[in-house]
Amino acid sequence: MIELAPRSASPIARFGGQPIAIAAAALVIVVVGATSITLWRAYTGSAPETERVAATRQLQARAAQASEQLVEKTKGLEATQQESIDQLQVVQDQLLTVRRLLAAQQTDTRKLSEQVGTLTEAIDGLRQSFASAQAAEPAAAPAPRTRSAKAKPRSNRSANRSRAKARG
């Protein structure tokens with residue numbers, strides 16, 4: 001019969017009693033890697049840590065500058081908004097004043113319309129009474145006098161004299 005190796009054997013067990021040699025080899029690989037990284041950084045002159053710190057500081061400076069600009073713009077918007085509110089209030093006050101004036105003017109217009117209507121009715125009544133009085137008087141009224149051509153200039157002269165006296 002053939003003997004089979006047990007399956008539960010670990011890889012370390014294969015190497016037997018040489019774990020110290022494996023650890024020493026791993027340590028040598030880590031030391032060589034770290035030394036090569038250090039030499040590469042020294043040779044190229046770049047250190048990612050300092051670049052990261054510088055980049056972080058630049059980002060912080062940009063963020064602070066953007067924040068300041070945002071604060072300034074916000075203050076400007078607040079001032080503009082307040083000016084707009086003040087202007088709107090003035091316009092609303094003016095609109096209210098115009099509405100009051102318009103209402104007063106409409107009231108005055110209604111009163112004047114009523115007065116004109118009353119005067120029109122009174123004039124119509126006077127016309128009707130004058131027409132009815134003329135219709136009743138034609139038989140009793142004397143014929144009107146005709147003036148001569150000489151009388152007209154005298155009346156004009158007397159009218160001019162009375163006007164001159166009134167003026168001065």
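**The annotated span and its setting**

Tutor: Of the 168 residues of the protein, 0% count as buried, where buried means under 20% relative accessible area, exposed over 50% and partly exposed in between, with a 1.4 Å probe and protein chains only. This is a predicted model, in which local features need pLDDT of at least 70 and side-chain atom pairs count only at pLDDT 80 or more, while totals for chains, interfaces and linings use all residues. Residues are numbered from 1 along each chain as its sequence is written, and side-chain values use heavy atoms, with hydrogens and water left out.

The accessible surface comes to about 15900 Å², of which 60% belongs to carbon and sulfur atoms; such areas come from the Shrake-Rupley method with a 1.4 Å probe. The protein has four helices and zero strands, these being DSSP runs of H or I with at least four residues and of E with at least two, numbered from the N terminus.

The UniProt annotation "transmembrane region", from an unreviewed entry, covers residues 20-43; such annotations may be inferred rather than shown by experiment. This span is 100% helix and 0% strand, and its end C-alpha atoms lie 34 Å apart. Helix H2 comprises residues 19-44, 26 residues in number, and reaches 38 Å from its first C-alpha to its last, close to the 38 Å expected at 1.5 Å a residue; the expected span is 1.5 Å times one less than the number of residues. Just after H2, Gly45 takes a positive phi of about 80 degrees.

As for confidence, the mean pLDDT of the protein is 81, and 70% of its residues reach 70 or more, pLDDT being the predictor's confidence in each residue, from 0 to 100. Confidence is highest in helix H3 (residues 48-136), at a mean of 93, and lowest in helix H4 (residues 151-167), at 54.
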